[in-house]
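Subject: Structure handover

Hello,

I am passing on the structure we spoke about, followed by notes on what was found in it. Please open it alongside this message.

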Amino acid sequence: ASAGLSIGESLRVIQRNNADACFCGGGSSKVNLAAYFRQEMLGRLNATSNDAPAGAVRAFDAGAAGTVIGEGAGIVVLEAVETFEQRPDGRAYAEIAGFGAAQSFNPRTKNLTPEEDGYGMQLAIKRALKEAGVEPAAVDAIVAFGIGHAAWDSAEAAAYRAIFGGKLPAVVSFKSVLGHCGAASGGIDLCLAARMVHEQTLPAVLNRDAPLDGFNPTAPAAAAELNYVLCLSTGLGGQNAAVLIKRYQA
């Protein structure tokens, strides 16, 4: 959740008038022996798909068998609307409508997995929606954490069902393509979500041939009307960050 929390803090700095713009996000590499061993000991990695790596990460799928580690970075530039609109050559991919953060707490597993009902994730999402002043029904798509680990995906799915009821918006996860990039994940996801809104395109959903109840199945990229997109990221220690972005209207 580090990058998502960085983006949220930068938003607050701008809202306090302590800056006009911020560079924020995160970078991480899990492709080293220490990081790999840690994830292996925690039982988070898929150890059954070495011969079929393209289908290894199956987020929100009944066949989810674990995640795959990756490395990368995602950095966004946040700027106050007032200063941005003073520049005639400015280009905005999207606008942040709301942010929320919360802590998960699962003493039964010593926080190695979230609460089964995803309560901490629910709180973060609710706070982002409240700041934006929109109802859950206004959300057109979700860029989910979605690591393809059954316990994590189940808790995240429970959080979405609690917020959105029986009709979930389209849910995508980029870890089926990029792997789990740790502290970079929230930044990468927000970059891609902003492009989704800017290009009015729902990206392909991969490796979801047996989707969990209510989740959209494997499908190619398609044009879509996207006015609000929610990004959720969560961390091994239980931190949760939710960022709601909306289509920028000049």
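Helices (H or I, at least four residues) and strands (E, at least two) are DSSP runs, numbered from the N terminus. This is a predicted model, in which local features need pLDDT of at least 70 and side-chain atom pairs count only at pLDDT 80 or more, while totals for chains, interfaces and linings use all residues. Residues are numbered from 1 along each chain as its sequence is written, and side-chain values use heavy atoms, with hydrogens and water left out.

Leu 129 counts as buried at 5% relative accessibility; buried means under 20% relative accessible area, exposed over 50%, and partly exposed in between, with a 1.4 Å probe and protein chains only. Leaving aside residues up to four places away in sequence, Leu 129 touches Val 134, Pro 136, Val 139, Ile 163 and Leu 244, where contact means heavy atoms within 4.5 Å. Leu 129 and Leu 244 are 115 residues apart along the chain, and their C-alpha atoms are separated by 7.1 Å.

Helix 4 and helix 5

The axes of helix 4 (residues 119-132) and helix 5 (residues 150-164) come within 9 Å and cross at roughly 40 degrees. That makes helix 4 oblique to helix 5. Axes here are lines fitted to C-alpha atoms, for helices over the stretch in contact, and angles run from 0 to 180 degrees between N-to-C directions. Angles under 35 degrees count as roughly parallel, over 145 as roughly antiparallel, 65 to 115 as roughly perpendicular and the rest as oblique.

Helix 4 passes helix 5 in a right-handed crossing; a crossing is right-handed if the near helix is turned clockwise from the far one by less than a right angle, and left-handed if anticlockwise. On the helix 4 side, Met 121, Gln 122, Ile 125, Lys 126 and Leu 129 meet Ala 155, Glu 156, Ala 159, Tyr 160, Ala 162 and Ile 163 of helix 5. By class, the residues of this contact divide into eight nonpolar, one polar and two charged. Ala, Val, Leu, Ile, Met, Phe, Trp, Tyr, Cys and Pro count as nonpolar, Asp, Glu, Lys and Arg as charged, and the others, Gly among them, as polar.

Helix 5 has 15 residues and reaches 21 Å from its first C-alpha to its last, close to the 21 Å expected at 1.5 Å a residue. The expected span of a helix is 1.5 Å times one less than its number of residues. Its buried residues are Trp 152, Asp 153, Ala 155, Glu 156, Ala 157, Ala 159, Tyr 160, Ile 163 and Phe 164. These buried residues of helix 5 pack against helix 4, strand 4 (141-143) and strand 8 (228-234). Just after helix 5, Gly 165 takes a positive phi of about 70 degrees.

Helix 1 (residues 2-15) has 14 residues and spans 20 Å from its first C-alpha to its last, close to the 20 Å expected at 1.5 Å a residue. Its buried residues are Ala 3, Gly 4, Ile 7, Gly 8, Ser 10, Leu 11, Val 13 and Ile 14.

The axes of helix 1 and helix 7 (residues 185-199) come within 5 Å and cross at roughly 65 degrees. That makes helix 1 roughly perpendicular to helix 7. Ala 3, Gly 4 and Ile 7 in helix 1 meet Gly 186, Gly 187 and Leu 190 in helix 7. This contact has three nonpolar, three polar and no charged residues.

Gly 8, also found in helix 1, counts as buried at 1% relative accessibility. The C-alpha atoms of Gly 8 and Ala 101 are separated by 8.2 Å, with the two residues 93 apart along the chain.

Positive phi values

Most residues other than glycine have a negative phi. Helix 1 is followed by Asn 17, whose phi is positive, near 65 degrees. Asn 111, in the loop between strand 3 (95-103) and helix 4, has a positive phi of about 65 degrees although it is not a glycine. Asn 111 is buried, with a relative accessible area of 16%. Gln 200, in the loop between helix 7 and strand 6 (201-202), has a positive phi near 50 degrees and counts as buried at 14% relative accessibility.

Regards
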